[in-house]
Amino acid sequence: MSRTALRICPLCEATCGLTLTIEGTRVASARGDRDDVFSNGFICPKGASFGAVDGDPDRLRTPLVRRDGELREATWTEAFDAVAAGLRPVVERHGPHAVGMVLGNPNVHTMAGALYPTVLLAALGTRSLFTASTVDQMPKHVSSGLLFGDANAIPVPDLDHTDHLLLIGANPLESNGSLCTAPDFPGKLKALKARGGTLTVIDPRRTRTAKLADRHLAIRPGTDALLLAAMAQVLFEEGLVDLGELSPHVQGIDELRDAVRDFTPESVEAACDVDAALVRTLARELAAAPTAAVYARIGSCTVPHGTLASWLVDVLNILTGNLDRPGGALFPQAATDRTPRPAGPGRGFALGRWHSRVSRHPEAKGELPLSALAEEIDTATDEGTPVRALITVAANPVLSAPDGDRLDKALDSLDFMVSVDPYLNETSRGADVVLPPPPPSQSPHHDFAFNTLAVRNQVRYSRPAVPLEPGRMAETEILARLTLAVTGMHGADPSAVDDLVIGQTLGKAVQEPHSPVHGRDPEELAAQLAGESGPERRLDLMLRLGPYGDGFGAHPEGLGLERLLAHPHGIDLGPLRSRLPQPLKTRSGKIELLPQPIADDLPRLRRAAAERPTGLVLVGRRHLRSNNSWMHNVPALTGGTNRCTVQVHPEDAERLGLRDGEPVRVKGAGGEITAPAEVTDGVRRGVVSIPHGWGHDRPGTRLSHASTDPGVNVNQLLDGSLLDPLSGNAVLNGVPVELSPLG
């Protein structure tokens, strides 16, 4: 007998609702949930392949512990005994900073990844934190922190209501959106055009998104910040600045005008390879539109001026009065956000509170650059101890960080390494202990991170669609036990971690005057929490204290876990709405248009206006049926257009003697790779495009399908020395490379 179960898809940022068909304990198929309040039945190829991803036979089912140099199956007790024995001596001998932690992209797609790593990090007390953010979106966090005082206050375009959308370095028809959670992004862009709106795409590739646009500008890679600065200059020069209702919330307008004065369209024309007159047209159209939003993504983040580009995106939204208004860019309000505090000055955002040991990279948002991980392990200095042990959670930095060969060797030199990962991949194969979480069908799901970026406020929760298989351990329990093992509490009941967090959260809440539970008894409140597990009780706590919550009885019609469970397709909380000044946490209580770190970095951007790259430069690309390095082992999601090829323009191919389909050697500062050429006018002249996440050819992995068509690791072309200085983000795009035919 088959049955159906609802599940929120965890395979990309769109977070679509799924209806699963279950046969026994196996997910036989998946289709879109037509009654889902957010996705309304939309599904992409990844969601349709949920069953294949979930049931991949290469997923690990039991822990692995290294014995006599080999990873062998072990019991959970043996695995955590090994973790405690391996990590605690490092902490006691060298201090907590000698233990590094790497968090990968899949963490933001699971409840466990949202609830436990911060607890583990705080309990361990290490500053050696590295995440996927610094090879992706960290510039946006930094620019938001500097502008708004909160690194997680990221405005998103009001896709359903805007009249004019300017996309930069984003390809949502392939990615399904990023830092902008929107099921059916393609449908929303088509709806924009159908209602008479305008879509402009700036991208060096003619992507599927660019083909849909009213105007596509094939800009030279890495020059986005110059173009945006020139647009801001035009707005000032031509008297098009109109803050509207933002005026009381903004400071620094005169200083900003002076700061961008030199960035005329004519001064950036050659560097961007965009006609000056067209730059002026872009600025005028943005200012003239009834409503408009500028939105940029990874192509504008992973470049030398990623933070400046991210800052200028919001600057343009502010100067045209489109920030925090319907049809523009607004701040979402997630159901699990903290209790809204009264508007007013906050603590602000600081960079560089500590630095990496070797290259002295400043921390950003508590993180050090992932590019620096290898040197923090393999390089001795007079300051501090190298990273001697490592915890990786859903991370594969050997493929995702620059110069994976060096990092691979560095990992081999560690005293101890533990990986929480469902696969034996290019990174976890080097661990001393591997702790495998269960497949997504056996796990609960709530999108803590992505609901803070959603284009419509809503809340949804999925309990496990399939019971936890005997011998498996819930990912939440794995991370709770890992926390206990590294902090000297090995063997304690893992529920102690949840109880501690609940107690601390309620202890603070009852002391806050603006809290709905101010002055109440924390123990009495904790006894009221609903849920079948510690993670569910924590979700209930966050919902009840959140902006839509029942406040433990203070607002009887508000949210809690029990009400959410009664709505299996989710609860719609309405369209995005204006929220200023409440989200602002700057010291002034206003939007600080020209923060000092930004002002200090502008001379570097001015110098870039005079640069003229003469050779080929590299850009990445994304495939609809893929997500970084963790889906290439599913046959249904590989093949076809999802191939690891070197895209090159026909004129460049002819000049270099390259033929379509034949192998081409690509050389960069970090090494060489060889992959088939794909000759296409979908990339502009002078640009080479290679997808990321490939390179599944290292020995010792258990990725049977991925290894049959491994592709190459594009990040091996990088030596890790190129970073955006404000955010520590790796420069992955606009990097010089050399191409030649193989042989």
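These are my notebook entries on a few features I looked up in this structure.

**Entry 1: the model**
Before anything else, I noted that this is a predicted model.

**Entry 2: aromatic pairs**
I started with the rings. A search of the whole structure turned up three aromatic pairs. One of them is Trp76 with Phe80, and I have it down as stacked, with 6.2 Å from centre to centre and 25° between the planes. The angle counts as stacked because planes under 30 degrees apart go in that class. Where do Trp76 and Phe80 lie? Both are in helix 3 (residues 76-94), and they are four residues apart, about one turn of the helix.

**Entry 3: charges over rings**
I then checked arginines against aromatic rings. Which ring does the charged end of Arg538 sit over? It is the ring of Tyr116, and the distance to the ring centre is 4.9 Å. I also found Arg544 over the face of Phe552, at 4.2 Å from the ring centre.

**Entry 4: a hairpin**
On to the strands. Strand 4 (residues 64-67) and strand 5 (residues 70-73) run antiparallel, and I get four bridges between them. Val65 faces Arg72 of strand 5 across the pairing.

**Entry 5: a parallel sheet and its helix**
What is the strand order? I read it as 11-10-9-13, and the pairing is parallel. Strand 11 (215-217) and strand 13 (293-296) are the edges, each pairing on one side only. On average, neighbouring strands here are turned by 15° against each other, direction ignored.

Inside that order I followed strand 9 (residues 164-168) and strand 10 (residues 198-202), which run parallel and are joined by five bridges. For Leu165, the bridge partner in strand 10 is Leu199.

Then I asked which strands helix 13 touches. Helix 13 (residues 276-288) packs on the sheet and touches strand 9, strand 10, strand 11 and strand 13. I also noted its direction, which makes about 135° with that of strand 11.

How values were computed: Residues are numbered from 1 along each chain as its sequence is written. This is a predicted model: local features need pLDDT of at least 70, side-chain atom pairs count only at pLDDT 80 or more; totals for chains, interfaces and linings use all residues. Side-chain values use heavy atoms; hydrogens and water are left out. Rings of Phe, Tyr and Trp (its six-membered ring) pair if their centres lie within 6.5 Å; planes under 30 degrees apart count as stacked, over 60 as edge-to-face and the rest as tilted. Helices (H or I, at least four residues) and strands (E, at least two) are DSSP runs, numbered from the N terminus. A charge sits over a ring if NZ of Lys or CZ of Arg is within 6 Å of the ring centre and within 35 degrees of the ring normal. Two strands pair if DSSP finds at least two bridges between them. Axes are lines fitted to C-alpha atoms, for helices over the stretch in contact, and angles run from 0 to 180 degrees between N-to-C directions. Contact means heavy atoms within 4.5 Å.
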